Amino acid sequence: MIGIGIIGYGYWGPNLVRNFFEVQDCRVVAVSDIRPDRLAKIGPRYPTVDTTMDYRDLLRDPRIDAIAVATPVSTHFELGMEVLRAGKHLLMEKPMTADAEQAQRLVDEADRRELVLAVDHTFVYTEAVRKIRDLARGGDLGEIYYYDSVRVNLGLFQHDVNVIWDLAVHDLSIMDAILPEQPIAVSASGIAHVPGEPEDMAYVTLHFAGALMAHVHVNWLAPVKLRRTLVGGSRRMVVYDDLEPSEKIKVYDKGITVSNGALPTNGARHAMMVGYRTGDVWSPQLGVTEALNVELKEFIACIASGAAPTADGQAGLRVVRILEAATESMRHSGRPVELSTISRCAI
């Protein structure tokens, strides 16, 4: 049995504890949080779990083999490094760290100690995203043209990160899993409407070397909650609505056809080159397993086998690099920032 410790029992910690209890071959040994009122909720529901206000108790506990960190992003690097140096496997809440340099150091430390480093990119483990990934990798969508998403709602305002680090991180992790190539540059624009607080709405555009573009709109000031993504390919297109209770994915056999024949000179060039194709629409059957449960099962399996998780430290690093570049671009009025030349930029 793999012993699990969890640092942080605020918003996400209870979900981690509940799902770890449902995973075989592991047991939750202890939970740490700085607030006693949070820890007081654990005993009545999980009487076998120890609680402590000092996270170092988990680092010293020989019963604990792996630790999940669910604390504010500003604490991720220091806590993550202490966990790895204590010889424990690490599951880090997203985003992985506050900058790419920190993320790289965690990756290097985990590699040096041969420990599993996983990042909690939960959406990567949803049935919907895994299906889209299969469609993209299997060639069903053809050449991918674009990724376009809207992720907006009213609140919840964060005080330590801007809206890109809070909401866009989900889409960036999804893109990292399904798109065939990595972006080479990022441009972003955003604004803060509450004095002294981070940006609460933003538009992020990712540029690629080929004919692929990605765009993400995130907003804490929308009157409605939207979680909608379009993925367009040369053969088929996908609409992914995470708020749909059943048909989260719809695959459209729609697109354009481009003629390669001789072109007339009488002004009919557009009509000759581009045609439109309309076919069936179908919604694939998706499983109902909770994504976090799938993620934690993989984490435990990777500890046992030594394999790398789907959302490993490298995936977390790639996402943090994009977040960092987007923030730098936003601070320079949307100027494109090449990912190979980004400078350290605190959130």
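In this predicted model, the sulfur of Cys-302 has its closest cysteine sulfur 13 Å away, in Cys-26, which is too far for a bond. Seen from the other end, the closest cysteine sulfur to that of Cys-26 belongs to Cys-302, again at 13 Å and too far for a bond. A disulfide would need the two sulfur atoms within 2.5 Å, and the structure accordingly holds zero disulfides.

A helix pair comes next. Two packed helices are described by the angle between their axes together with the distance between those axes. For helix 5 (residues 76-85) and helix 6 (residues 100-113), the axes come within 10 Å and cross at roughly 5°. Since angles under 35 degrees count as roughly parallel, helix 5 and helix 6 are therefore roughly parallel to each other. On the helix 5 side, the contact is made by Phe-77, Gly-80, Met-81, Leu-84 and Arg-85. Helix 6 contributes Gln-102, Arg-105, Leu-106, Glu-109, Ala-110 and Arg-113. Sorted by class, the residues in this contact of helix 5 with helix 6 are five nonpolar, two polar and four charged.

A polar atom of the Glu-324 side chain lies 3.3 Å from the backbone nitrogen of Ala-100. Glu-324 itself is found in helix 11, which spans residues 313-331. Is this glutamate buried or exposed? With a relative accessible area of 2%, Glu-324 is buried, because anything under 20% falls in that class.

Turning to the strands, Val-152 has its place in strand 7 (residues 144-154). Val-152 counts as buried, because its relative accessibility is 3%. As for Leu-167, which is 15 residues from Val-152 along the chain, the C-alpha atoms of the two residues are separated by 8.1 Å.

How values were computed: Residues are numbered from 1 along each chain as its sequence is written. This is a predicted model: local features need pLDDT of at least 70, side-chain atom pairs count only at pLDDT 80 or more; totals for chains, interfaces and linings use all residues. Side-chain values use heavy atoms; hydrogens and water are left out. Helices (H or I, at least four residues) and strands (E, at least two) are DSSP runs, numbered from the N terminus. Buried means under 20% relative accessible area, exposed over 50%, partly exposed in between (1.4 Å probe, protein chains only). A polar contact is a pair of N or O atoms within 3.5 Å; within protein, one must be able to donate a hydrogen and the other to accept it, and residues adjacent in sequence count only if both atoms are side-chain atoms. Axes are lines fitted to C-alpha atoms, for helices over the stretch in contact, and angles run from 0 to 180 degrees between N-to-C directions. Angles under 35 degrees count as roughly parallel, over 145 as roughly antiparallel, 65 to 115 as roughly perpendicular and the rest as oblique. Contact means heavy atoms within 4.5 Å. Ala, Val, Leu, Ile, Met, Phe, Trp, Tyr, Cys and Pro count as nonpolar, Asp, Glu, Lys and Arg as charged, and the others, Gly among them, as polar.
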